[in-house]
Amino acid sequence: MKTPEGLQALIDDGVIDKVLRPLKSGKEASVFVVHSGGEVRCAKVYKDLAKRSFQQRTLYQEGRKVRGSREARAMGKATRYGRKQQEVAWKNAEVDALYQLHDAGMRVPEPFGYFHGVLVMELVADAAGHSAPRLSEVELSAERAREFHRILVREVVKMLCVGLIHGDLSEYNVLVAEDGPVVIDFPQVVSAAGNNASRRLLLRDVNALTARLGRFAPDLLDTWYGEEMWALYEAGKLLPDTDLTGKFVHDTSRVNVESVRDAIEDARQEAIIRQQGREAAKEA
C-alpha cells in the first residue's frame, strides 16, 4: 500500500520497515499495521487539530501538567504557539499514560517508542493471530462477561491508584485478546486529583463497561463498583489489590447545593445506560 504521509519519516529513519495495512481510523488518529523491529506492530498517527472531530477538549485538559510557564501562558491565551503546544501536550498525554500504565502492570498494549508524533506499540491479537476485535464486536457467555467485568474493574482500579482516569472507556476502547480484555486509547486520560470532573468521568467509564457486559450477565447491572472505588480512593484506602464488593450505600444525609444539578444529570444518564443494558439483555 502507499505509505501514509505521517509514517514516511519513520521509514526513512529505519523505525518502520514496511506499512502492511490500515487497521482503523478514529476521531483522534489513524492506526496502521506495520513491520517494525522484526515484528508486526501497529503505528498510531495522530490527526491534526483541524481534522479531529472530538469535542469538549477543555474538560479533559484540566489538571494536565505543562512543562513550562511560557507554554502554560500561551495555551491559556490560545495563541498560535499556544495551540501548537496544546497539540504537543495532547499527544504526549496518551504516550506518557501508556508507558506509566504498562509499567504499573495494566493490560494495555506495550509501547515501543514515540517518533515524529507517531506512537509505535504492540499489535493486540486474538487466538488466531489476527488483530483483536473490540468488545463491542463479540458475544459472550454470562460467565465470560462476569470474568471480563472483574478484569476490567480491576484495571480501572489500577489506573486510579496511579492517579489517572481513562475518561473515554467503553466497549469501543477495549480489545478482546487471546488472554482477555486489553484497554486502549488514552488521549482523553485525566488526572484523578486535578480534574473537577474526575468522579463523573470515572463513573461514566465503569457504567459504560457494566452496561455492555450486563447484556450478557444482567446481574452486573445492579452493581456499584465505580461509586465504591471512588469512595475508597477519596478516603485514601484504595489499593491495586483492594477487594471490591460492587455494593455501595449512597449518602443522603448531606446535600451540596452546588452539585445537585450535576448529580441529577449524572443519575439520569446512569439510569439510561443501565436500562439500555437491561433491555439489550432481554433481547439477547
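How many residues lie between strand 2 and strand 3 in their hairpin? There are two, and glycine 37 in the turn has a positive phi of about 60°. This is a predicted model. Its five-stranded open sheet has the strand order 1-2-3-5-4, with antiparallel pairing. Nine salt bridges are found in the structure.

**The sheet**

- Five strands build an open sheet, and they pair in the antiparallel sense.
- Strand 1 (18-25) and strand 4 (111-115) are the edge strands. Each has a single partner strand, so one side of each is left without a neighbour in the sheet.
- From one strand to the next, the twist averages 25°.
- In a regular strand, side chains alternate between the two faces of the sheet.

**Strand 3 and its partners**

- Strand 3 (residues 39-46) pairs with strand 2 (residues 29-36) over eight bridges, in the antiparallel sense.
- Serine 30 stands opposite valine 45 in strand 3. Histidine 35 has valine 40 of strand 3 as its bridge partner.
- Strand 3 also runs antiparallel to strand 5 (residues 118-122), and five bridges join them.
- In that pairing, arginine 41 stands opposite glutamate 122 of strand 5.
- Strand 3 is mostly covered, with six of its eight residues buried.

- Side chains of opposite charge can pair when their charged atoms come close.
- Glutamate 39 and arginine 41 meet through their side chains in a salt bridge, at 3.3 Å from N to O.
- Arginine 41 has a relative accessible area of 12%, so it counts as buried. The cut-off for buried is under 20%. Glutamate 39 is partly exposed, at 41% relative accessibility.

**Salt bridges between distant parts of the chain**

- Arginine 107 and aspartate 179 form a salt bridge through their side chains, at 3.1 Å from N to O.
- That pair links distant parts of the chain, 72 residues apart. Arginine 107 sits in the loop between helix 4 (80-103) and strand 4. Aspartate 179 sits in the loop between strand 7 (174-177) and strand 8 (180-183).
- Aspartate 179 has 56% relative accessibility, so it counts as exposed.
- Glutamate 171 and arginine 212 form another salt bridge, with their closest N and O atoms 3.6 Å apart.
- This pair also links distant parts of the chain, 41 residues apart. Glutamate 171 is in the loop between strand 6 (164-165) and strand 7. Arginine 212 belongs to helix 6 (residues 198-213).
- Glutamate 171 is buried at 18% relative accessibility. Arginine 212 is buried at 5%.

- Which residues of helix 7 (residues 225-234) are buried? They are Tyr225, Gly226, Glu227, Glu228, Met229 and Trp230.
- An α-helix has 3.6 residues a turn, so residues three or four places apart point the same way.

Technical notes:
Residues numbered from 1 in each chain as written. Predicted model: local features only at pLDDT ≥ 70, side-chain atom pairs only at ≥ 80, totals over all residues. Heavy atoms only, no water. Pairing = 2+ DSSP bridges. Helix = DSSP H or I, 4+ residues; strand = E, 2+ residues; numbered from the N terminus. Axes fitted to C-alpha atoms, helices over the stretch in contact; angles between N-to-C directions. Buried < 20%, exposed > 50% of the residue type's maximum accessible area, 1.4 Å probe, protein only. Salt bridge = Lys/Arg side-chain N within 4 Å of Asp/Glu carboxyl O.
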